[in-house]
Amino acid sequence: MASVTKDMTIGELLQKDRNIAVVLMRAGMHCIGCPSSQGETLEEAAMVHGLDVNVLVSQINDFLG
């Protein structure tokens with residue numbers, strides 16, 4: 001079972017493990033420190049950045065695994 005889902009907010013992801021920021025930044029999400037990004041879901045953030053959310057979820061879960 002996946003520990004991270006596309007419906008989780010960026011804030012929730014960073015609470016789970018602050019090092020997820022590295023995965024997000026490598027994907028081009030350099031605004032993860034912005035207060036407004038903390039309430040965005042991973043899916044919303046991926047859409048804004050033109051990224052495939054399923055690939056991101058997989059990368060984050062691989063990182064956590």
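This is a predicted model: local features need pLDDT of at least 70, side-chain atom pairs count only at pLDDT 80 or more; totals for chains, interfaces and linings use all residues.

Reader: What is the volume of the largest cavity, and how many cavities of 30 Å³ or more are found?

Author: A search of the whole structure returns 1 cavity of 30 Å³ or more. The largest cavity has a volume of about 40 Å³, and the count asked for is 1.

Reader: How many of the residues lining the largest cavity are charged?

Author: The lining consists of Ile 10, Met 29, Cys 31, Ile 32, Ser 37, Glu 40, Ala 45 and His 49. Sorted by class, these give 5 nonpolar and 2 polar residues, and the number of charged ones is 1.

Reader: Which residue forms a salt bridge with Glu 43?

Author: The model holds 1 salt bridge, in which the closest N and O atoms are 3.7 Å apart. Glu 43 lies in helix α3 (residues 42–48) and its partner in the segment before α1 (10–16), so the pair ties together parts that are 37 residues apart in sequence. Glu 43 is partly exposed, at a relative accessible area of 30%, and the residue it pairs with is Lys 6.

Reader: Is Glu 40 buried or partly exposed?

Author: Glu 40, which lines the largest cavity, sits in the loop between α2 (20–26) and α3. Beyond its neighbours within four places in sequence, Glu 40 is in contact with Met 8, Thr 9, Ile 10, Ala 45 and Val 48. Buried would require under 20% relative accessible area, and because the value for Glu 40 is 23%, Glu 40 counts as partly exposed.

Terms used
Residues are numbered from 1 along each chain as its sequence is written. Side-chain values use heavy atoms; hydrogens and water are left out. On a 1 Å grid over the protein atoms alone, a cavity is a set of points where a 1.4 Å probe fits but cannot get out, and a pocket is an open set with protein on both sides within 12 Å along at least five of seven lines; lining residues have an atom within 4 Å of a point. Grid points are joined across faces, edges and corners, and a volume is the space filled by probe spheres set on the points. Ala, Val, Leu, Ile, Met, Phe, Trp, Tyr, Cys and Pro count as nonpolar, Asp, Glu, Lys and Arg as charged, and the others, Gly among them, as polar. A salt bridge is a side-chain nitrogen of Lys or Arg within 4 Å of a carboxyl oxygen of Asp or Glu. Helices (H or I, at least four residues) and strands (E, at least two) are DSSP runs, numbered from the N terminus. Buried means under 20% relative accessible area, exposed over 50%, partly exposed in between (1.4 Å probe, protein chains only). Contact means heavy atoms within 4.5 Å.
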